[in-house]
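Thank you all for coming. I would like to take a few minutes to walk through one model, so please have the sequence and the structure open as I talk.

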Amino acid sequence: MSATLEQTMPEEILDAPAGSTPPKSAAQSTPEQKRKALWMVVAFTLLASVAQVLYKMGANALNKIPAGSMVDVTLGSAHFHISAALVAVATNVPMIVGLTLYGMGAVMMVLALQHGELSVLYPIISLSYVWVAILSVLVFHEQVNAFRIGGIAVIIAGVAVLGKSGSR
Amino acid sequence: MTTPMSSIALVNVASFIGSLGAVGLKAGAKNLKLTIPALATNWKLHAGIAGYLLSSIFFMLGLKHGDLSVLYPMVSVGYVWTMIWAKVLFGEPLTKAKVGALALILVGVGLLGLGIS
């Protein structure tokens, strides 16, 4: 696999504008670091997709609360008369776990960007569409159809091409 | 269900701001030091995160109305913007492989969008 990758390398140099130098950070990164960056973005998309599903579950629970309703909360000797929606968000476990996963994903994304090209790593985020499409069928029992299967296959093909160009 | 122009505009603004957020994250990641003072003063990173938050607000406003199968694929237009910024601002080469891969992804997201309706 690495032999074919190296053969396609001159194309990249030809496409670069005359006199331009590759960005310092990308030039200093080893192929090993670049591959690691690619997989970190893939892991990020998995985390973000699970987070999105948890978020949707949490939002479904929130929809059951009437708009504008208030509740009384007692913390020790202090009493509060606050929005029921606010309490529901603060105690909504799927939503809190979802937000935490988003935060972890953001850290991974920044670490990945240290060693990879933005133009390679950013479109890989489209894999999250694939995971969400699969999770929507598994968790929310949405219908499977030819468009969805075709879309998933074409996105994966695109990401594979990016991965090839980004790991050298 | 018809999709109002305002929703289409909001989603496109969101993906544009999101692509600028990615530029901020990349610029901030270049000289990343994992110490609290360094992270606290990494304003490029902060600008990137702020860009993402702002972009998600526009997304939510845009997705309130309209057909998801129309709006969903439009989100991926942000990848095109990002590839342009990567070339212009960071000097990343725009190869045939990258452009081809991006075209495949846009087609794939479009198909997924059609599968929603």
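**Confidence, fold and interface**

Let me begin with confidence in chain B, where helix H4 of chain B (residues 68–74) has the lowest value, with a mean of 79, and helix H5 of chain B (residues 77–90) has the highest, at 94. I start there since this is a predicted model, and where pLDDT is low, the predicted coordinates should not be read in detail. For chain B as a whole, the average pLDDT is 89, and 98% of the residues score at least 70.

Turning to chain A, we find 9 helices and 2 strands, and, reading from the N terminus, the elements follow the order α-α-α-α-β-β-α-α-α-α-α. Of the 168 residues in chain A, 37% are buried, and among the contacts in chain A with a separation of 6 or more, 73% are between residues 24 or more positions apart.

One residue that illustrates this chain is A:Thr45, which sits in helix H4 of chain A, residues 31–62. Is A:Thr45 buried or exposed? A:Thr45 counts as buried because its relative accessibility is 0%, and the cut-off for buried is under 20%. If we set aside the neighbours within four places in sequence, A:Thr45 is in contact with A:Ile124, A:Ile125, A:Leu127, A:Ser128 and A:Trp131.

Now to the interface, where 37 residues from chain A and 43 residues from chain B take part in the contact. Together the two chains bury about 3,400 Å², and 71% of that area is on carbon and sulfur atoms. On the chain A side, A:Leu118, A:Tyr122 and A:Tyr129 supply 21% of the area that chain A buries against chain B, which is more than any other three residues.

As for polar features, the rule finds 8 residue pairs in polar contact across the interface, with both residues at pLDDT 80 or more, and it finds 1 salt bridge there. A:Glu117 forms a salt bridge with B:Lys98, and their closest N and O atoms are 2.5 Å apart.

Which elements of chain A each supply at least two residues of the side that touches chain B? They are helix H2 (9–15), helix H6 (93–113), helix H7 (118–124), helix H8 (127–140) and helix H9 (146–166). The largest share, 13 residues, comes from H9 of chain A. By residue class, the side of chain A that touches chain B divides into 21 nonpolar, 11 polar and 5 charged residues.

Technical notes
Residues are numbered from 1 along each chain as its sequence is written. Chains are lettered from A and ligands numbered from 1 in the order in which they are written. This is a predicted model: local features need pLDDT of at least 70, side-chain atom pairs count only at pLDDT 80 or more; totals for chains, interfaces and linings use all residues. Side-chain values use heavy atoms; hydrogens and water are left out. Contact means heavy atoms within 4.5 Å. Buried area is the accessible area (1.4 Å probe) that two parts lose on being put together, summed over both. A salt bridge is a side-chain nitrogen of Lys or Arg within 4 Å of a carboxyl oxygen of Asp or Glu. A polar contact is a pair of N or O atoms within 3.5 Å; within protein, one must be able to donate a hydrogen and the other to accept it, and residues adjacent in sequence count only if both atoms are side-chain atoms. Helices (H or I, at least four residues) and strands (E, at least two) are DSSP runs, numbered from the N terminus. Ala, Val, Leu, Ile, Met, Phe, Trp, Tyr, Cys and Pro count as nonpolar, Asp, Glu, Lys and Arg as charged, and the others, Gly among them, as polar. pLDDT is the predictor's confidence in each residue, from 0 to 100. Buried means under 20% relative accessible area, exposed over 50%, partly exposed in between (1.4 Å probe, protein chains only).
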